[in-house]
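Grab a viewer and work through a few exercises with the model below. Try each task yourself before you read its solution.

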Amino acid sequence: MQPQVPAPESSPQPAPVVVPEPPFASKASDSNMWISPGLVLIALLLASMGALTDSWSVIENEQELLGITMTTNIDVGLDDSVTTTCVDSECETVYEDLDDLSETCPAQAEEQGFDTAQKNLICGFFEDIANAGNTAQIFLSLGIFMLIGYLICTFMATRGSIIPYTHLFPFVGSGSILA
């Protein structure tokens, strides 16, 4: 009789490894995924146009006196002002940088003989406009960079590199632009 050899104990099998699917794996989510970047791209274009245009404040005035028509058009942008004055058909256009205007205003006011209160009233207006324009440029630039960052992160997510908190980029960028 032959000795019986005990059967070897089966070694434990490793658990199957579950590989998570990428977040944008289905076709339905692919079309939905591009809605947000599309809206962000539209916001990016509008913010860029707003930062580059010189028509943040437009004042148009037309007066007629003794048969002479005088038309004034003032376009104030974030950093400059364009004033067009037309008397009948002859027009004159003046371009002014708001920062330069706020810096030269006190000296010009002293030359005209204005006292301190009048000088502060006149020049304070130009300083406020220049400061508001500079602040708006900073916030618009910050918002534009955040929106561009969101578009880059969205493109990276389609390649499998997911960056945390990417979904907050459009809110921060839009908030900066609206501020």
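## Ground rules and disulfides

The torsion about the S-S bond of Cys 86 and Cys 91 is about 105 degrees, so this disulfide (a pair of cysteine sulfur atoms within 2.5 Å) is right-handed. Before going on, note that this is a predicted model, where local features need pLDDT of at least 70 and side-chain atom pairs count only at pLDDT 80 or more, while totals for chains, interfaces and linings use all residues. Residues are numbered from 1 along each chain as its sequence is written, and side-chain values use heavy atoms, with hydrogens and water left out.

**Exercise 1.** Work out how many disulfides there are and which pattern they follow.

*Solution.* 
- Step 1: Start with Cys 86 and Cys 91, whose sulfur atoms sit 2.0 Å apart.
- Step 2: Move on to Cys 105 and Cys 123, joined by a disulfide with an S to S distance of 2.1 Å.
- Step 3: The count comes to 2 disulfides, and numbering the bonded cysteines along the chain gives the pattern 1-2, 3-4.

**Exercise 2.** Find the handedness of the link of Cys 105 and Cys 123, and say which helices it ties together.

*Solution.* 
- Step 1: The S-S torsion is -85 degrees, which goes with a left-handed link.
- Step 2: Cys 105 lies in helix α3 (residues 98-112) and Cys 123 in helix α4 (residues 116-158), so the pair ties together parts that are 18 residues apart in sequence. Helices here are DSSP runs of H or I with at least four residues, and strands are runs of E with at least two, numbered from the N terminus.
- Step 3: Now check burial, where buried means under 20% relative accessible area, exposed over 50%, and partly exposed in between (1.4 Å probe, protein chains only). Cys 105 has 8%, so Cys 105 is buried; Cys 123 has 3%, so Cys 123 is buried as well.

## Strands

**Exercise 3.** Describe how β1 and β2 pair and what joins them.

*Solution.* 
- Step 1: Pairing requires at least two DSSP bridges; β1 (residues 57-65) and β2 (residues 68-76) have 9, in the antiparallel sense.

## Helix α5

**Exercise 4.** Sort out the buried and exposed residues of α5.

*Solution.* 
- Step 1: In α5 (residues 169-178), the buried residues are Pro 170, Gly 173 and Ser 176.
- Step 2: The face turned away from the buried side carries the exposed residues Phe 171 and Leu 178.
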